[in-house]
Amino acid sequence: MVAFTLVAALYSPQNLQAQASQPQAQQAVEAAVQSELSAARTDKSLWIYRGHDVTPGKDVTYQAVQTPDGELKRIVERWGRPLDAAASDEEMSRISEYANDRSAQAKQRKEDAHDDEQASSMLKMLPKAYLWTIVSETPETITLAYQPNPAFDPPNMESHVMGTMAGQMVIVKNGNRIRTLRGKLVGDIKIAFGLIGKLNQGGTFDIERREIAPGLWQITETHVHIGGHALFKTIGTQEDEVKTGWKPSPAHSLQEAAGLLKNP
């Protein structure tokens, strides 16, 4: 976990004067990015898993089934309690409606494609957005620290936020896969010079990935706690999501997935 002492060390005058990544650390990041991009293009595996998602005002446990046409999720618990019969029937009606709504599916595919493209773009920026140093190394993993690169020119707001993080990355050497990426906002992010909004210094994120089958990796935990304000409303993200119980999905269509979710 990234501690306050680590952030302070990263921003000591001695480190700021270096203004460059350690060559071995930079090579490790570049290799990991290429491995992840390659996996994103070639990994067509589909899964069934169970998720627990907590955000302000929401605490749900769901069962998910992936298919070549997309993913279906059925909520099975709210606030730690199983859904009653009426709420369970409502969930299945919602799922059945979506499984037969081509327009809604097309909209979701478009949104998913946009998210995937954005994730790839952000991944490609990792070697350039930060200055990288080696924290520790074992025969299995290498742990790197990163801090904003003063020479990085963020092309959009998302990358501007990204370029104001400091933290750690853990890379598994076998396959050069990213296991952990943690960060903290080391400064306020002002939107339109603060006239429209601001993300507060100290916001954190922690993404955990695990090898759920040989050579196949998935995000198993996401913890994002970034606060701020925009005009007259609160903005930012507060979410903790954990995914467990991974097993291959046999569903070839959304209709088959809906059938599997009748008895989660």
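Analyst: Let's start with a definition: a salt bridge is a side-chain nitrogen of Lys or Arg within 4 Å of a carboxyl oxygen of Asp or Glu. The model here is a predicted one, where local features need pLDDT of at least 70 and side-chain atom pairs count only at pLDDT 80 or more, while totals for chains, interfaces and linings use all residues. Residues are numbered from 1 along each chain as its sequence is written, and side-chain values use heavy atoms, with hydrogens and water left out.

User: Which residues are linked in a network of salt bridges?

Analyst: R182, D206, E208 and R210 are. One of the links joins R210 to E208, with the closest N and O atoms 3.2 Å apart, and that is within the 4 Å limit, so it's a salt bridge.

User: How do you know that the span of helix α4 agrees with its number of residues?

Analyst: The expected span is 1.5 Å times one less than the number of residues. For the 15 residues of α4 (residues 85-99) that should give 21 Å, and the end C-alpha atoms are 21 Å apart, so it agrees.

User: Which residues of α4 are buried, and how do you know which side they're on?

Analyst: A87, S88, E91, M92, I95 and A99 are buried. They cover an arc of only 140 degrees around the axis, so they sit on the same side of α4; the arc is that of the directions from the helix axis to the C-beta atoms. The face turned away from them carries the exposed residues A86, D89, E90 and E97. The buried ones pack against β3 (70-78), α5 (102-129) and α7 (254-261), where contact means heavy atoms within 4.5 Å.

User: Why is the ring pair of W47 and W246 called edge-to-face?

Analyst: Rings of Phe, Tyr and Trp (its six-membered ring) pair if their centres lie within 6.5 Å; planes under 30 degrees apart count as stacked, over 60 as edge-to-face and the rest as tilted. The structure holds 6 such aromatic pairs. W47 and W246 have centres 6.4 Å apart and planes at 80 degrees, so the pair is edge-to-face. W47 lies in strand β1 (residues 47-55) and W246 in strand β13 (residues 233-248), so the pair ties together parts 199 residues apart in sequence. At 4%, W47 counts as buried, and at 17%, W246 does as well.

User: What makes the pair of Y130 and Y146 tilted?

Analyst: Their ring centres are 4.4 Å apart and the planes are at 50 degrees, so the pair is tilted.

Key
Helix = DSSP H or I, 4+ residues; strand = E, 2+ residues; numbered from the N terminus. Buried < 20%, exposed > 50% of the residue type's maximum accessible area, 1.4 Å probe, protein only.
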